Amino acid sequence: MTELISIAEAESLIAEHMPSFGCERITLERAAGRILRQAVHAEHDHPPFDRVMMDGIAVSWSASLPREFTIAGAQMAGMSMRTLADATGCIEVTTGAVLPAGCDCVIPVEQLRREAAHYQLIDGYQPSRGQFIHTRGSDCVAGTLLLEAGMRIGAPEAALLAANGLATVDVGKTPSIVIVSTGDELVDVGSSLGEGQIRRSNDMAIATALRLHGFDRVALEHIADDVAATQDRLGRLLGEHDVLILSGGVSMGQRDYVPAALDALGVRCVFHRIAQRPGKPMWFGIGPRQQAVFALPGNPMSALVCAIRYVRSALLVSLGMTPAPTEVVRLEADVDTNPMLTCFVPAHVQTDAHGRSMAKPVPARTSGDFSALPHTHGVVQLPPGNDRVPAGTVVEFYRW
């Protein structure tokens, strides 16, 4: 019997053998959710000029600032810089405009009354030097490192890329992925069920878990429990895809043909079987062209746990993403453990009155039971132990 390896060993072996899929340059409009593969530095000072922060007037401040100002012109956003020549005058300004030369104070329109060609301060209002001015370079100066390779491109990152003139950007190249369900009992989602049949669901669950994280090149396949068909179809898929994710046929039953078929096709087994529940039979290997092959158990809970715990994170790192700290939560109730196996237990997570993330365990009855999973947010990871893990314990949490 193949020796069980630990969670940590499985993670380490996957990281050691996982291939890189390279990078590609795409337009910024298509980069949402992708992994940045270049460092980005400030093209210029931010802001690139002393910027007006409020609609109103710009004046030259002094300790003896007058209460009334004569309008000497206007400085609108996008206009070239105007100059205030008379310290008793003012220039009308709008938010985002360049601060006029000779001015060092912006007075918001809410603190002013206008009479003909003059502005008067509201009674009791005392402006101060430098107010409502976003000074040049106060956010960052030219050359400042703004984004590092490995960051996911979200809304703030996209804004910085755009503001610094990057119409195209280098990102991790998305691999071609195929998810293969195995088993004679499986039928398509839209098919009627015959005796002894169930509809395919693992492939859809795994595909969704990947697509939600930006993996959009995902195909679905099905292979019946047949030695020749398994080897023939896997051989073709290895030639067409960068990543194979199999569900079922990986345990030690008489019709679990996947490990032998992969071996015959030159896929080197890196490990088989992890000391965990559910998901113990998981298999991982590397193909002859550096294809990554993940063979997961066929039980729905087992397949999904392995997909989110190992497959998804490994694929993200292969795109160049910097690994994020593992999320942790506190248990809301005691949970049983196993003396030999790391256990994954579905949990519903919410924030309590003290701002703590609390996980309410929702244990599955079997590794084939996934009916309650929509009422959970992910799984807590419980290390091996002889006792129950008590409520209040901080544990790792992995989201669906």
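Here nonpolar means Ala, Val, Leu, Ile, Met, Phe, Trp, Tyr, Cys and Pro; Asp, Glu, Lys and Arg are charged; the others, Gly among them, are polar. The model on screen is predicted.

**Stop 1: the whole chain**

The C-alpha atoms fill a box of roughly 95 × 50 × 40 Å. The radius of gyration of the chain is 30 Å, whereas a compact globule of 400 residues would have one near 21 Å. Now colour by burial. Of the 400 residues, 45% are buried.

**Stop 2: the sheet from β7 to β8**

Select β7, β4, β6, β5, β9 and β8. Read in that order, these six strands make an open sheet with mixed pairing. Which strands stand at the edges? They are β7 (105-108) and β8 (112-115). Each has a single partner strand, so one side of each lacks a neighbour in the sheet. From one strand to the next, the twist averages 40°.

Select residues 56-59, which are strand β4. β4 and β7 run antiparallel and are joined by four bridges. Pick Val-59, then look across to β7. Its bridge partner there is Cys-105.

**Stop 3: the sheet from β16 to β18**

Move on to β16, β13, β17, β21, β20 and β18. In that order they form an open sheet of six strands, and the pairing is mixed. The edges belong to β16 (218-223) and β18 (268-272). Both have a single partner strand, so one side of each is left without a neighbour in the sheet. On average, neighbouring strands here are turned by 20° against each other, direction ignored.

Focus on β18 and its partner β20, residues 283-286. Four bridges pair them in the antiparallel sense. Which residue in β20 is the bridge partner of His-272? Select Trp-283: that is the partner.

**Stop 4: the largest pocket**

Rolling a probe the size of a water molecule over the atoms shows where empty space is left. The largest pocket has a volume of about 730 Å³. Its lining counts 26 residues. Select Ile-308, Arg-309, Ser-313, Ala-324 and Tyr-398, which are the closest to the pocket centre.

Next, colour the lining by element. α1 (7-17), α6 (300-318) and β26 (394-399) each give at least two residues. Which element supplies the largest share? α6 does, with nine residues.

**Stop 5**

Finish at the second largest pocket, which holds about 490 Å³ of space. Its lining has 29 residues. Select Arg-277, Pro-278, Phe-344, Ala-364 and Ser-367 to find those nearest its centre.

At least two lining residues come from each of β19 (276-277), α6 and β23 (342-351). Keep α6 highlighted from the previous stop. It also supplies at least two residues to the lining of the largest pocket. In the second largest pocket, β23 gives the largest share, four residues. By class, this lining has 14 nonpolar, nine polar and six charged residues.

Notes
Residues numbered from 1 in each chain as written. Predicted model: local features only at pLDDT ≥ 70, side-chain atom pairs only at ≥ 80, totals over all residues. Heavy atoms only, no water. Pairing = 2+ DSSP bridges. Axes fitted to C-alpha atoms, helices over the stretch in contact; angles between N-to-C directions. 1 Å grid on protein atoms, 1.4 Å probe; cavity = no way out; pocket = protein on both sides within 12 Å on 5 of 7 lines; lining within 4 Å. Points joined across faces, edges and corners; volume = space filled by probe spheres on them. Rg over C-alpha atoms; globule rule 2.2 N^0.38 Å. Buried < 20%, exposed > 50% of the residue type's maximum accessible area, 1.4 Å probe, protein only.
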